[in-house]
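Subject: Structure handover

Hello,

Here is the structure I promised to pass on. My notes follow below it.

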Amino acid sequence: MAFNISAVKTSSNGAWQGDNPLNFAFPLLIVQTALIVAVSRSLAVLFKPLRQPKVIAEIVGGILLGPSALGRDPAYMDRIFPDWSMPILESVASIGLLFFLFLVGLELDLSSIRRSGKRAFYIAAAGITLPFLAGVGVSFLIRNTLYTAADRPGFVEFIVFMGVALSITAFPVLARILAELKLLTTQIGETAMAAAAFNDVAAWILLALAVALAGNGGEEKEKEKKSPLVSMWVLLSGVGFVVFMLVVIRPVMKWIAKRGSPENGAVKESYVCLTLAGVMVSGLATDLIGIHSIFGAFVFGLTIPKEGEFGQRLIERIEDFVSGLLLPLYFATSGLKTDVAKIRGAVSWGMLGLVVVTACVGKIVGTFAVAVMVKVPVREALTLGFLMNTKGLVELIVLNIGKEKKVLNDETFAILVLMALFTTFITTPSAMAIYRPTRGIHRKLKDLSASEHSSKEELRILACLHGPANVSSLISLIVSIRTTKILKLKLFVMHLMELTERSSSIIMVRRAQKNGFPFVNRYRHDECHSSVIRGFQAYRQLGRVAVRPITAVSPLPTMHEDICLMAETKRVTLIILPFHRRWNVDHGHSHNHHHQDGGDGNVHENVGHAWRLVNQRVLKHAPCSVAVLVDRGLGSIESQSSSLDGSNVVERVCVIFFGGPDDREALELGGRMAEHPAVKVTVMRFLVGETLRSNTITLLPAPSKCKEKNYAFLTTNVDPEKEKELDGGALEDFMSKWKDMVEYKEKEPSNIIEEILSIGQSQDFDLIVVGRGRSPSMEVAALAERQAEHPELGPIGDVLASSNNHVIPSILVVQQHNKAHVEEMTVSKIVNESSLSTDGDANV
């Protein structure tokens with residue numbers, strides 16, 4: 001159906017009045033947007049197991065919707081993507097691109113580029129120069145082969161466009177890939193990000209040159225003969241615009257950012273609107289100059305101060321709408337313009353192969369060679385080459401501008417889009433195959449104390465936190481573990497930061513790299529960040545304690561991989577995880593009143609079930625022992641006293657011992673606490689009661705039971721005699737070392753839960769340490785079929801951590817590392833009444 005574009009109406013009168021909504025601009029735009037977003041999101045889910053960036057799904061979605069696939073049906077194209085609708089769709093998509101480039105400029109910290117050093121600069125320079133020169137060589141062949149004499153573009157602008165297309169690295173896409181590969185905060189990740197930032201700046205300069213040279217792309221014959229002075233004026237005006245923005249507008253934006261900083265948790269609306277208007281005006285200015293409007297938005301983003309909350313709040317306000325809805329439209333329109341059928345014949349497909357090989361070899365070889373020259377290890381240098389070969393975002397912008405300026409025809413455009421797809425697609429699998437970080441040693445506390453050189457060994461602990469609320473309890477626990485003897489302690493503090501689809505996750509990482517400690521919470525004031533830094537900087541001053549902050553930026557389903565990898569590479573002995581729920585102490589009330597409400601405290605915080613799953617995965621895959629801290633005000637004033645070095649320490653600790661590997665590890669940890677002069681440790685050993693002594697408990701695997709409501713135990717046969725011997729040996733060793741420092745008690749209760757709760761509900765202790773009990777003693781096995789609230793803590797830990805049991809102290813649940821990584825499984829309990837078994841252990 002033919003349409004006169006000037007006669008197109010915005011909205012219809014509705015189907016009841018005989019109008020087809022698809023013949024009107026706005027309803028058709030809604031259909032196009034919904035279709036593009038639905039297809040691209042569906043493909044993103046399919047590509048997720050391959051760890052592909054979202055841009056791949058968006059481009060492929062556009063190609064599938066366009067003339068290469070569904071668009072082969074003319075009726076479909078005329079109805080869903082008619083020619084008259086494309087300027088409207090592209091205009092809306094360009095608004096998204098304009099604001100996205102503003103966000104890219106806002107996240108690009110020029111000062112961090114200057115700090116990156118010569119190594120990153122040399123790598124970036126080589127990564128641009130060699131593929132650019134190779135692109136110039138290829139452009140000779142393409143220009144003479146795929147273009148007729150009539151539509152052949154200008155020589156200079158064509159080679160510049162080809163050189164830029166083959167040499168750039170997509171900085172935002174690379175950041176996402178590094179985060180997926182757990183490399184974002186590693187040495188190789190920092191080098192790649194710095195080099196990509198250099199590359200990005202160079203790419204925009206070259207692209208500005210290409211656009212200035214291209215002009216209107218020869219739409220009219222006389223335009224082809226325009227004076228070279230026009231291009232020179234365009235370039236000079238562009239340089240003048242950049243200088244004006246950085247010299248005049250940047251101080252103005254610094255003043256606006258200071259005036260618009262949050263008061264009472266809100267950024268002033270007028271300053272946000274003024275800034276967003278500035279994006280549009282800057283885009284208009286560069287469009288008037290003759291350079292694409294996206295340059296104005298990008299440069300304006302550079303003028304926004306990176307410190308403080310203003311820039312972060314701007315990102316939060318606009319990035320979801322821009323990145324989630326408008327930007328996919330831009331990538332999809334690129335796919336809609338890509339007609340793979342235009343690549344015809346052996347010559348054209350040969351050119352596609354040549355372009356792909358040239359792009360990959362030029363970028364990878366150039367980066368690799370210089371990286372090796374600046375003493376980067378060979379494997380890391382090769383990985384850097386593949387990482388810097390990432391295309392995607394900037395590549396598509398270049399290609400679309402080239403097509404718009406008539407520098408690239410349909411065939412060349414399709415070849416270069418497929419090249420960008422291929423090079424980005426291979427980045428993740430190639431980097432995963434090449435880069436293999438060093439592996440550490442599987443360890444547990446007992447291994448360390450049993451070492452012949454234990455006096456010279458260093459106790460390494462990886463302590464994880466969600467935010468500033470975990471800091472005081474974490475420091476109190478570590479101070480209590482820190483021995484006063486020769487053994488040294490090295491503490492790795494890992495802030496766990498969720499990586500979402502939002503691009504602003506990356507700006508927090510860069511703040512982490514800049515400050516040496518993670519930006520804790522983007523929704524709170526900088527004071528939270530400062531308090532965390534101050535807390536650990538003060539603690540770093542303590543004798544024989546080395547504190548190193550680390551950031552883990554990852555999607556929650558793979559966060560455990562970051563934690564376990566760090567534990568391996570740093571040869572950690574113990575991982576400390578915060579429980580997903582915690583109870584704050586209200587210092588305005590008495591300690592007694594604080595716990596009268598059923599153990600929930602005055603303020604109960606729950607960071608969410610997804611973080612609970614992170615803990616469960618770490619417990620399953622950890623390469624060392626793990627402790628989960630259930631915090632009930634461990635770092636509060638009431639539960640601490642000052643030690644000689646000025647730090648706070650937990651005074652009263654109870655270790656509950658039933659037997660089994662996890663309890664033995666808990667006992668070992670209690671022994672280390674006993675060495676601290678300010679800590680009083682009490683060991684409560686539970687013996688087999690008379691009722692259980694006459695029975696044999698057998699636990700049979702029951703995989704059909706829900707793991708969310710039932711306890712899981714190790715699926716291995718336990719030798720009761722050997723376990724009894726190991727338990728006795730651990731207790732004997734413990735008492736020989738720390739007899740004079742601890743209080744030892746034995747209990748033979750008739751009701752285990754009541755006895756445990758009596759300890760927890762008393763005010764005698766600040767911290768209770770228990771084993772997780774995966775290889776249970778007879779007493780713990782008797783609780784196997786109890787309804788579980790938090791099964792990952794084991795039966796005893798779950799009883800003490802329950803919010804309904806009025807428990808007062810904080811709880812530390814310890815799991816000893818299992819070298820064999822035996823699978824855990826839910827069980828069914830069978831009790832045989834007999835007098836044959838008196839060993840006190842369960843058969844699993």
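Phe-140 is partly exposed, because its relative accessibility is 41%. Here buried means under 20% relative accessible area, exposed means over 50%, and partly exposed lies in between, with a 1.4 Å probe and protein chains only. Phe-155 also counts as partly exposed, at 33%.

Before going on, please note that this is a predicted model: local features need pLDDT of at least 70, side-chain atom pairs count only at pLDDT 80 or more, and totals for chains, interfaces and linings use all residues. Residues are numbered from 1 along each chain as its sequence is written, and side-chain values use heavy atoms, leaving out hydrogens and water.

Back to the rings. Rings of Phe, Tyr and Trp (its six-membered ring) pair if their centres lie within 6.5 Å; planes under 30 degrees apart are stacked, over 60 edge-to-face, and the rest tilted. The count by this rule is 10 aromatic pairs. In one of them, the ring centres of Phe-140 and Phe-155 are 5.2 Å apart and the planes meet at 50°, so the pair is tilted. The pair links distant parts of the chain: Phe-140 belongs to helix H6 (residues 117-145) and Phe-155 to helix H7 (residues 155-167), 15 residues apart. Helices (H or I, at least four residues) and strands (E, at least two) are DSSP runs, numbered from the N terminus. Elsewhere, ring pairs join Phe-121, Tyr-122 and Phe-198 into a cluster.

The charged end of Lys-403 lies 5.7 Å from the ring centre of Phe-413. The rule asks for NZ of Lys or CZ of Arg within 6 Å of the ring centre and within 35 degrees of the ring normal.

Now the whole chain. It has 30 helices and 17 strands. Of its 844 residues, 58% are buried. The chain exposes about 34400 Å², and carbon and sulfur atoms supply 58% of that area. Areas come from the Shrake-Rupley method with a 1.4 Å probe; for residues, only the protein chains shown count as cover.

Strand E16 (residues 810-815) deserves a look. Six of its six residues are buried. In a regular strand the side chains alternate between the two faces of the sheet. Ser-810, Leu-812 and Val-814 point one way from E16, while Ile-811, Val-813 and Gln-815 point the other way. Which strands pair with E16? Strand E7 (residues 625-630) runs antiparallel to E16, joined by five bridges, and strand E15 (residues 767-771) pairs with E16 in the parallel sense, also over five bridges. Pairing takes at least two DSSP bridges between two strands. Val-630 stands opposite Ile-811, and Val-769 stands opposite Leu-812.

Next, Val-742. This residue sits in strand E14 (residues 742-747). Val-742 is buried, because its relative accessibility is 13%. Leaving aside residues up to four places away in sequence, Val-742 touches Ala-674, Val-681, Phe-734 and Met-735. A contact means heavy atoms within 4.5 Å. Gly-671 is 71 residues from Val-742 in sequence, yet their C-alpha atoms are 8.3 Å apart.

Last, two backbone angles. Most residues other than glycine have a negative phi. Lys-406 has a positive phi near 65°. Lys-406 lies in the loop between helix H16 (393-404) and helix H17 (410-434). His-806 has a positive phi of about 55°. His-806 lies in the loop between helix H30 (794-801) and E16.

Best wishes
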